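Here's a quick briefing to read alongside the model.

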Amino acid sequence: NFMGIERTVAKSVGFAMIYGATEETIAETAKVFDLGRAREFKRLWFDKYVEAGNWIEAQQEMGLRTGQVLTLFGRKIWLPMEESDDKVRRKAVNYTIQASAAEIMKRSIVKCRQLNLVLQVYDELLIDGEVELPSGLDSISPLSTPYEVRRLERWE
């Protein structure tokens with residue numbers, strides 16, 4: 001049960017899982033240094049997040065079988081097949097997530113192009129001034145893309 005795991009370990013395991021981590025990586029990232037415990041964390045995660053686990057396994061299998069994966073928008077990403085199977089498996093998951101996130105951000109930037117866009121950092125847009133955001137930002141991808149607006153006197 002994940003409720004018995006301290007928050008920092010649970011966060012480490014969660015992030016490691018969505019990037020297709022091996023038990024060794026989970027042990028290192030979560031600082032548990034016990035492969036048996038890391039294996040158990042991975043099993044618990046797959047038991048709790050069945051759909052996500054199935055997606056991860058499908059991505060890894062597709063990457064190894066075809067040498068490529070697809071983003072949410074269907075763009076092909078080639079994998080470095082000269083690398084070990086473990087690395088290809090991790091990259092099959094990671095490349096899909098990172099590239100899809102980048103495509104969502106690019107679509108957000110295009111949708112906000114009339115605004116005084118000052119800066120984009122990772123998953124944030126900094127817009128200067130009091131503005132009305134365009135409609136549809138929360139539905140620019142096949143997945144829901146909720147967003148949060150913070151109005152500040154000065155930049156953080």
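**A serine and its neighbours**

Leaving aside residues up to four places away in sequence, Ser100 touches Thr71, Leu72, Phe73 and Tyr95 (contact means heavy atoms within 4.5 Å). This is a predicted model, where local features need pLDDT of at least 70 and side-chain atom pairs count only at pLDDT 80 or more, while totals for chains, interfaces and linings use all residues. Residues are numbered from 1 along each chain as its sequence is written, and side-chain values use heavy atoms, with hydrogens and water left out.

- Ser100 sits in helix α5 (residues 85–111); helices are DSSP runs of H or I, at least four residues, numbered from the N terminus.
- Ser100 counts as buried because its relative accessibility is 5% (buried means under 20% relative accessible area, with a 1.4 Å probe and protein chains only).

**Where α2 meets α3**

- Helix α2 (residues 23–30) and helix α3 (residues 35–48) have axes that come within 8 Å and cross at roughly 100 degrees; axes are lines fitted to C-alpha atoms over the stretch in contact, with angles from 0 to 180 degrees between N-to-C directions.
- So α2 is roughly perpendicular to α3 (65 to 115 degrees).
- On the α2 side, the contact uses Glu23, Glu24, Ile26 and Ala27, and α3 brings Leu35, Ala38, Arg39, Phe41 and Lys42.

**Nonpolar cores**

- The largest nonpolar core has 15 residues, of which Val9, Val13, Met17, Ile26, Val32 and Phe41 touch the most other members; a core is a set of buried Ala, Val, Leu, Ile, Met, Phe, Trp, Tyr and Cys residues joined through side-chain atoms within 4.5 Å.
- α1 (7–18), α2 and α3 each supply at least two residues of this core.
- Another core, of 6 residues, lies apart from it and includes Ile77, Leu79, Ala92 and Ala99.

Notes: Parallel < 35°, antiparallel > 145°, perpendicular 65-115°, else oblique. Buried < 20%, exposed > 50% of the residue type's maximum accessible area, 1.4 Å probe, protein only.
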